[in-house]
Amino acid sequence: MKKIQKVLISSVTAIALIAVSLWIGEWTYSWMPPQAASESHLVDELFSFLITLGAFIFIGVTGTLIYSAIFHRAEQHDTSDGPPIEGNITLEIVWTAIPVLLVFWIATYSYQIYQQMGIQGPMEAMHMHIPALMKSASAAPVKEDRENVNVLPVEDIEVDAKQWAWVFRYPKTDTTSTELHLPINHRIRLTLHSEDVIHGFYIPAFRVKQDIIPNRNIDFEFTPIRTGKYQLTDSQFSGTYFATMQADVIVESPEDYKTWQTEAANHEPCIANNQAASEYAQESKELIKGWATVVPAQAPIVNSNKVIRRLSDSAPLCASTLLHEE
């Protein structure tokens with residue numbers, strides 16, 4: 001009877017532990033930015049899996065320790081030795097095999113997500129001169145968007161990263177911008193290029209990150225699935241002003257996207273606002289001789305720029321063509 005009671009208590013405890021761990025795993029979705037790209041589902045599912053597994057182990061281990069400390073304490077003034085328990089080969093094999101299997105499970109699942117995301121790492125960068133070994137970075141659209149995405153054309157955009165600015169070129173209309181505009185539910189193919197150092201193309205809401213190697217073109221693909229304004233940042237330390245190397249990412253309807261491209265194409269190229277270039281130009285005369293200084297790249301000349309500013313009397317006014325202002 002006692003054995004049956006222990007089995008029932010153990011079963012109920014295990015079920016409760018699994019339920020709580022699964023609840024914590026589902027709760028993690030609220031910790032992240034909104035899922036604005038198909039790729040975000042892949043990353044969030046992996047993160048939820050890791051948190052669920054970690055919660056199960058943490059609560060199980062700490063719960064066992066607390067239970068032992070409360071119900072299996074030695075009596076007061078009991079200084080006798082515990083029972084002489086020797087090694088248990090079966091138990092040792094079990095507690096060694098389970099962590100090994102968990103590590104392989106986590107590694108396999110993580111690598112599958114890594115492959116689906118198609119992130120190109122250092123090894124791929126080394127083989128850029130061998131086309132057969134290079135693949136375009138991509139992640140499969142989620143099931144509910146797959147039919148809609150496949151019938152829409154791929155949108156090609158060129159991305160130029162430099163100290164310290166992002167410049168986006170749209171080949172179809174031959175326009176440039178300091179903002180990244182994207183049509184929703186279209187497959188986006190970016191051609192990433194760096195003019196100087198290693199930069200990191202990172203949009204938290206999309207869960208996509210790709211290192212950009214200097215003097216190399218890297219194709220990178222993703223699919224935005226949620227309209228709104230998001231933030232692109234440089235995930236690599238690229239110098240003094242790398243924190244200002246940010247850009248707005250505008251995901252909009254195909255109609256609004258075409259309207260924006262038309263309006264941007266009608267604007268004459270102008271000098272975009274660039275904090276690094278403007279501050280360096282103002283303070284360059286005051287710099288102490290002998291100090292190592294990284295000269296920022298010139299402010300980009302684009303058709304569309306968020307900030308309206310005149311840098312000099314001869315520089316044209318850079319007008320904003322934003323359709324979504326907060």
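Biologist: Is Thr52 buried or exposed?

Modeller: This is a predicted model, and the values here are computed from it. Thr52 has a relative accessibility of 17%. Buried means under 20%, so Thr52 counts as buried.

Biologist: Where does Thr52 lie, and which residues is Thr52 in contact with, leaving aside its neighbours within four places in sequence?

Modeller: Thr52 is part of helix H2. Once the neighbours within four places in sequence are set aside, the contacts of Thr52 are Ser21, Leu22 and Gly25.

Biologist: Where is Val20 placed, and what separates the C-alpha atoms of Val20 and Ile59?

Modeller: Val20 belongs to helix H1, which covers residues 2-27. With a relative accessible area of 38%, Val20 is partly exposed. Val20 and Ile59 are 39 residues apart along the chain, and the separation of their C-alpha atoms is 9.1 Å.

Biologist: What is the angle between helix H2 and helix H3, and is H2 roughly parallel or antiparallel to H3?

Modeller: Helix H2 spans residues 38-71 and helix H3 spans residues 89-117. They pack with their axes 9 Å apart, at an angle of about 170°. Angles over 145 degrees count as roughly antiparallel, so H2 is, relative to H3, roughly antiparallel.

Biologist: Which residues meet where H2 packs on H3, and how many of the residues in this contact are nonpolar?

Modeller: From H2 the residues include Leu42, Leu46, Phe49 and Leu53, and from H3 they include Leu102, Trp105, Ile106 and Tyr109. By class, the contact has 2 charged residues, 2 polar ones and, as nonpolar residues, 13.

Biologist: How many aromatic pairs does the structure hold, and what is the arrangement of Trp27 and Trp31?

Modeller: The structure holds 17 aromatic pairs. In the pair of Trp27 and Trp31, the rings lie 5.6 Å centre to centre with 75° between the planes. Planes over 60 degrees apart count as edge-to-face, so Trp27 and Trp31 are edge-to-face.

Biologist: Which residues do ring pairs link into a cluster?

Modeller: Here the aromatic pairs join into a group. The cluster consists of Trp166, Phe201, Phe206, Phe220, Phe222 and Tyr230.

Biologist: Which element has the lowest mean pLDDT?

Modeller: The protein averages a pLDDT of 80, and 79% of the residues score at least 70. Among the elements, strand E4 (residues 180-183) has the highest mean, 94. The lowest mean, 46, belongs to helix H5.

Biologist: Where else does pLDDT stay under 50?

Modeller: Residues 142-151 have pLDDT below 50, with 12 contacts in the model beyond near neighbours in sequence. Where pLDDT is low, the predicted coordinates should not be read in detail. For another such stretch the model has 20 contacts beyond four places in sequence, and that stretch is residues 307-317.

Conventions
Residues numbered from 1 in each chain as written. Predicted model: local features only at pLDDT ≥ 70, side-chain atom pairs only at ≥ 80, totals over all residues. Heavy atoms only, no water. Axes fitted to C-alpha atoms, helices over the stretch in contact; angles between N-to-C directions. Helix = DSSP H or I, 4+ residues; strand = E, 2+ residues; numbered from the N terminus. Parallel < 35°, antiparallel > 145°, perpendicular 65-115°, else oblique. Contact = heavy atoms within 4.5 Å. Nonpolar A, V, L, I, M, F, W, Y, C, P; charged D, E, K, R; others polar. Phe/Tyr/Trp six-rings, centres within 6.5 Å; stacked < 30°, edge-to-face > 60°. pLDDT = per-residue confidence, 0-100. Buried < 20%, exposed > 50% of the residue type's maximum accessible area, 1.4 Å probe, protein only.
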